[in-house]
Amino acid sequence: MEPYADVRGIGETITLKPGEYNTKDINTYWFNQNTNFEGNEELAAKILENGKAPGLNVSKLHAQGITGKNVTVAIIDQPLLPDHPEYTGKIVKYHTVGLTENDSKGSMHGPAVASLLAGNTIGTAPDVKLYYVALKFWDRTAPSMTAQALDWLIGQNKELPDSDKIRAVSISADLTNSDNFDNHGDYDEAVKRAQDAGILVLDCRKDFDTCVFWPSFFDPEHRDDITQSKIGTPDGDFQECPPQALGTPVGYRTTAEAYQEGEYSYSYDAIGGHSWAIPYGTGILALGWQINPSLTGTRMITLMRETAYENADGDLFIDPSAFIDAVRSTLQ
């Protein structure tokens, strides 16, 4: 079995016998609770459990009561089943665009991004209030559907008091990629409407100011040591971080998994990808808004960039603790 192989069991148990996998590579595989590494069950369970920790001292911020409490954010992504223990009760409204009764009610992607942002044991902001819009990111008309989703969020905000307004929306996609999507102008125009309405839009479009968070990874054995962070993913992808973006942890993470109602589990992925960076970073912003809800999205991003950790190569990484200290200083 090659490193970084996908060995998840989807709807069935997969048993890998000694000789079919390398013990030293278990922390690189993409596996879930249906994957049985015969002879190394305890090691795999430990890796999966440790992968829930966000790293970069985020858990220490949670211990101080900085959890995103009373902050409202949104996610636009693929469908999810709202009752996974990681985020049940946190979704204020679940709205769909373009989905029919024949479409799946669950996905791999939706539960993952929701848990990375708002998960009880996984998320960077476990106490946020979440608006979730589900649509078909795999459809060529996804930019138009996402535009509708943004307009729905704008409409929701008009009815909400200032204390409950949606501050930011996490969109784990590059909807301007003409190889995959049509009508991306619809999305561009909707992003501008959302920004004008005071909603910070965060996505994967490399050459846009909405791309604030870029894939990076920490040392899985020293998850809180930011000096060990590296740009890209552990398998060598995403090496060129755009100048406006910050390295944000995506590798060696565990996420929520739910494909069927009532069947809730977890999946571990060493690689991650750009998709995982957006909800992680959005959650860190929510921690800041809990400290000072008067700050605009633009000001928050400025503080995040000013407090980024810079390594010897000049790469910049999101530094949650330094960011929170900077937000606190705005109250003085």
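Biologist: Which strand gives the most to the lining of the largest cavity, and with how many residues?

Modeller: The strand is E12, residues 253-260, which contributes four residues to that lining; helices (H or I, at least four residues) and strands (E, at least two) are DSSP runs numbered from the N terminus. Please keep in mind that this is a predicted model, in which local features need pLDDT of at least 70, side-chain atom pairs count only at pLDDT 80 or more, and totals for chains, interfaces and linings use all residues. Residues are numbered from 1 along each chain as its sequence is written, and side-chain values use heavy atoms, with hydrogens and water left out.

Biologist: What makes a space a cavity and not a pocket?

Modeller: On a 1 Å grid over the protein atoms alone, a cavity is a set of points where a 1.4 Å probe fits but cannot get out, whereas a pocket is an open set with protein on both sides within 12 Å along at least five of seven lines, and lining residues have an atom within 4 Å of a point. By this rule the count comes to one cavity of 30 Å³ or more. The largest cavity holds about 50 Å³ of space, where a volume is the space filled by probe spheres set on grid points that are joined across faces, edges and corners. Among the residues that line this cavity are Arg8, Trp30, Met108, Thr255, Glu257 and Trp276.

Biologist: Where is the largest pocket centred, and what volume does it have?

Modeller: The largest pocket contains about 470 Å³ of space. It has 23 lining residues, and those closest to its centre are Ile199, Leu200, Thr296, Gly297 and Thr298. Strand E7 (166-171), strand E8 (200-202) and helix H7 (297-306) each give two or more residues to this lining, and the largest share, five residues, comes from H7.

Biologist: And which helix gives the most to the lining of the second largest pocket?

Modeller: That is helix H1, residues 41-50, with four residues. The second largest pocket has a volume of about 240 Å³, and its lining includes Leu43, Lys46, Ile47 and Asn50, together with Tyr252 and Tyr268.

Biologist: At what angle do helices H6 and H8 pack?

Modeller: Helix H6 (residues 274-291) and helix H8 (residues 320-329) pack at an angle of about 25 degrees, with their axes 9 Å apart. That makes H6 roughly parallel to H8.

Biologist: Why is an angle like that called roughly parallel?

Modeller: Angles under 35 degrees count as roughly parallel, over 145 as roughly antiparallel, 65 to 115 as roughly perpendicular and the rest as oblique. The value of about 25 degrees is therefore on the roughly parallel side of the cut-off of 35. The angles run from 0 to 180 degrees between N-to-C directions, and the axes are lines fitted to C-alpha atoms, for helices over the stretch in contact.

Biologist: Which residues of H6 and H8 meet, and how do you know their classes?

Modeller: Contact means heavy atoms within 4.5 Å, and by that test Ile284, Leu285, Leu287, Gly288 and Ile291 in H6 meet Pro320, Phe323, Ile324, Val327 and Arg328 in H8. The contact has eight nonpolar, one polar and one charged residues.

Biologist: What makes H6 and H7 roughly perpendicular to each other?

Modeller: H6 and H7 pack at an angle of about 105 degrees, with their axes 11 Å apart. The angle lies within the range for roughly perpendicular, and H6 and H7 are therefore given that name.

Biologist: At roughly what angle do the axes of H7 and H8 cross?

Modeller: The axes of H7 and H8 cross at roughly 130 degrees and come within 9 Å. That makes H7 oblique to H8. Their contact is made by Met300, Leu303 and Met304 of H7 and Phe323, Ala326 and Val327 of H8, which divide into six nonpolar, no polar and no charged residues.

Note on methods. Ala, Val, Leu, Ile, Met, Phe, Trp, Tyr, Cys and Pro count as nonpolar, Asp, Glu, Lys and Arg as charged, and the others, Gly among them, as polar.
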